[in-house]
Amino acid sequence: MDRFHTEWRASIDDRDSFWLAQSQRIDWTRAPKSALENEGDSWSWFPDGELNLAYNTLDRHVEAGRGDDAAVIFDSAMTAETRTRTYRELRDETAAFAGALRAQGVRRGDRVIIYMPMIPEAVIAMLACARIGAVHSVVFGGFAANELATRIADAGARILVTASGGLEPGKVVDYIPLVREALRLSAGTVDTVIVKQRDGFPTSITDLPWGQGAQWLDWAAVAQSAAPAAPVPVAATDPLYLLYTSGTTGSPKGIVRDGGGYAVALDWSMRNIYGAGPGDVFWAASDVGWVVGHSYIVYAPLLIGAATVLYEGKPVGTPDAGAFWRVIEQHRVNIMFTAPTAIRAIHRIDPDLRLLTRYDTTSLRALFLAGERLDPETYHWITDGLAVPVVDHWWQTETGWAISANPVGFGALPLRAGSSTVPMAGYDVRILNSKGREVAAGKEGNIALRLPLPPGTLTGVWGGPHRLRDSYLSVFPGYYATGDSGYLDEDGYLYVMGRTDDVINVAGHRISTGALEEVLALHQDVAECAVVGVKDSLKGQRAMGFVTVKSGRTLNEEELHEQLVDLVRARIGPVAAFRDVMFVDRLPKTRSGKILRKTLRQIIDGEPHKVPATIEDVSVLEPILAAARAARSPVA
Ligand code: COA
Ligand code: AMP
């Protein structure tokens, strides 16, 4: 504990020299003279530094003589294709596509939307943007056209890069109709769509024209015809990307990440948290549409000269629950990162880990888990099975890298089940009560981070400085409010217990119940609704809607239920995995009209529930309690 504590202390007490020393591992076109500029509740990292992230992730390794080393190992469990690109190949393809973007008029600061499945071209498109100083915004493939449109419009993107489709177990996802619909809904900011044609997909680039006021171009053709682009030096504080995430309302927030602070923080995290170095094989089994994908599929492994595995597939069913172990053996994976839900999916199908014995997984040094709470049962099961350290670490889209973790690379601290161990460098974690006062060790409260946040974390919310302040900094002045609750024990170990807002976590995917309510309310037969996150043994949580219907409605409950599920799928996307609806005569409310969402959740989860004295009519709870009891009791 002592050695890491000393490192952490330095990162807080002497931020400037600590991070300036770390920054020397990055190649700058203009090295920063100071690390932190900090005034009031605004701060920036490496304000006078200048660099290029594509250069740092690609060219510098080639120039150091490592051009033939593996950079991206693509493994599709869906098509059985595997292909490794070396650093040289990845640099050349990135330079070619960067040239193509530039030929289409993309300049420094322009926003480019990337809506792609897990194929190497998604990584190439991201790095190509970074190469010319454009700002990418990747949208997860499981989002519907409406969500894509919202992001296009908010980012004000002119260019969209996509592929003909993605592969999900048992189905092909045709992206083209979704993109066309999104272009229609976002009313014409996009003038160019570049499509990576995949073999065997329903629509093809030759089926042109697709219209919607945009020119549609073939990836292969544009990448071939343009002159390759060299890396452009940009300010360390320039936005590298926007990544939209769910808040409490239906409008997602565009988290802004800079390049300089991000590079320095990711480099620190790879060495000290993950214990990874050049030549290692690092596998984050996530998706480039999420923050884990941005940080630990794309930028961090390539920054340090490791090989990254890009996996198109699932933990189970592609073809079986041994898929992860097959990938570890085949590519000699050293460090793996996934969400607890993926491990629970394997546990459910292969509880004795029989499939694990078929593979040689001795290359694996550690398994890191994040995205949702790691339940102790899953933690013990996988720790016993794999016989490597299993590390729970806690972070958010906003922070870009772990707030608390076990610094395995530094020398692991003793693990404690249920805890994501201790705060990482630069994170000053405090537990506050609702009035903003610190609470004693062991007492649960709001987890807040004292400002300034360390490098690599959000530098803003797209749309103006007030958005960062309003969303995160105004709740507890002087702190960033994480939206999570938890406690620190006597030894400074952090226990994250859950969200304090209306955000839920479905299979590691962050979903806003507020957004779901907005969608349900669109249906003509819905009078009122409330959505809460209830426990799910596989996905951690799932959304459940409570709905009252208008008088004179035309549909029966079964039909309405089906239409509501379809509506969420069409408006938000399949990723919301919305299936549960309970029809009620009235919603439980306080006398001032506030819906008792927490009580609803507790009733469904079978937890002891406290009925507030301010409830308008306690009898409203009776049918809900009865339905919840019936759902829990075994069928006779
Ligand atoms: N494009 C299009 N559709 C997608 C998609 C994508 N990229 N990703 C998911 N979907 C669809 C799925 O096909 C599914 O659709 P369906 O309702 O028609 O079956 C729906 O969205 C829900 O998908 P998913 O959340 O993957 O659930 P699942 O039941 O198919 O699989 C798990 C369950 C646990 C195996 C899966 O959720 C999983 O692997 N989770 C890991 C989570 C993760 O990586 N999180 C990132 C943070 S580290
Ligand atoms: P996202 O922004 O999608 O990465 O989701 C971030 C949220 O997921 C956090 O605010 C937490 O609520 C939850 N989360 C992520 N990692 C963990 C973890 N290790 N333990 C508990 N909750 C987590």
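**Figure 1. Residues closest to ligand 1 in the predicted model.** Of the 22 residues around ligand 1, Glu168, Lys171, Lys314, Arg569 and Arg579 come nearest. The model is predicted. By class, the shell around ligand 1 holds 10 nonpolar, six polar and six charged residues.

Figure 2. The side chain of Lys171 places an N or O atom 2.6 Å from an oxygen atom of ligand 1. Lys171 is also listed among the nearest residues of the shell. For the side chain of His509, the distance from an N or O atom to an oxygen atom of ligand 1 is 3.4 Å. Pro574 takes part through its backbone: an N or O atom there lies 3.5 Å from an oxygen atom of ligand 1. On its own, ligand 1 exposes 940 Å², and the protein buries 82% of that area.

Figure 3. Domain 1 spans 2-313 + 393-486, and domain 2 spans 507-632. Each of these domains gives at least three residues to the shell around ligand 1.

**Figure 4. Residues closest to ligand 2.** The shell around ligand 2 numbers 14 residues. Asp392, Thr397, Asp484, Arg499 and Arg510 are the closest. Three residues of this shell are nonpolar, five are polar and six are charged.

Figure 5. An N or O atom in the side chain of Arg510 is 2.6 Å from an oxygen atom of ligand 2. Arg510 is also one of the closest residues in the shell. The side chain of Asn505 has an N or O atom 3.0 Å from an oxygen atom of ligand 2. Glu372 uses its backbone: an N or O atom there lies 3.4 Å from a nitrogen atom of ligand 2.

**Figure 6. The protein chain as the setting for the close-ups.** The chain contains 19 helices and 32 strands. Its C-alpha atoms fill a box of roughly 75 × 65 × 55 Å along the principal axes. The radius of gyration of the chain is 24 Å. This agrees with a compact globule, because 636 residues in such a globule would give a value near 26 Å. Of the 636 residues, 59% are buried.

Conventions: Residues are numbered from 1 along each chain as its sequence is written. Chains are lettered from A and ligands numbered from 1 in the order in which they are written. This is a predicted model: local features need pLDDT of at least 70, side-chain atom pairs count only at pLDDT 80 or more; totals for chains, interfaces and linings use all residues. Side-chain values use heavy atoms; hydrogens and water are left out. A residue is near a molecule or strand if one of its heavy atoms lies within 4 Å of it. A polar contact is a pair of N or O atoms within 3.5 Å; within protein, one must be able to donate a hydrogen and the other to accept it, and residues adjacent in sequence count only if both atoms are side-chain atoms. Accessible areas come from the Shrake-Rupley method with a 1.4 Å probe; for residues, only the protein chains shown count as cover. Ala, Val, Leu, Ile, Met, Phe, Trp, Tyr, Cys and Pro count as nonpolar, Asp, Glu, Lys and Arg as charged, and the others, Gly among them, as polar. Domain bounds come from an automatic or database domain assignment. Helices (H or I, at least four residues) and strands (E, at least two) are DSSP runs, numbered from the N terminus. The radius of gyration is taken over C-alpha atoms; the globule rule is 2.2 Å times the number of residues to the power 0.38. Buried means under 20% relative accessible area, exposed over 50%, partly exposed in between (1.4 Å probe, protein chains only).
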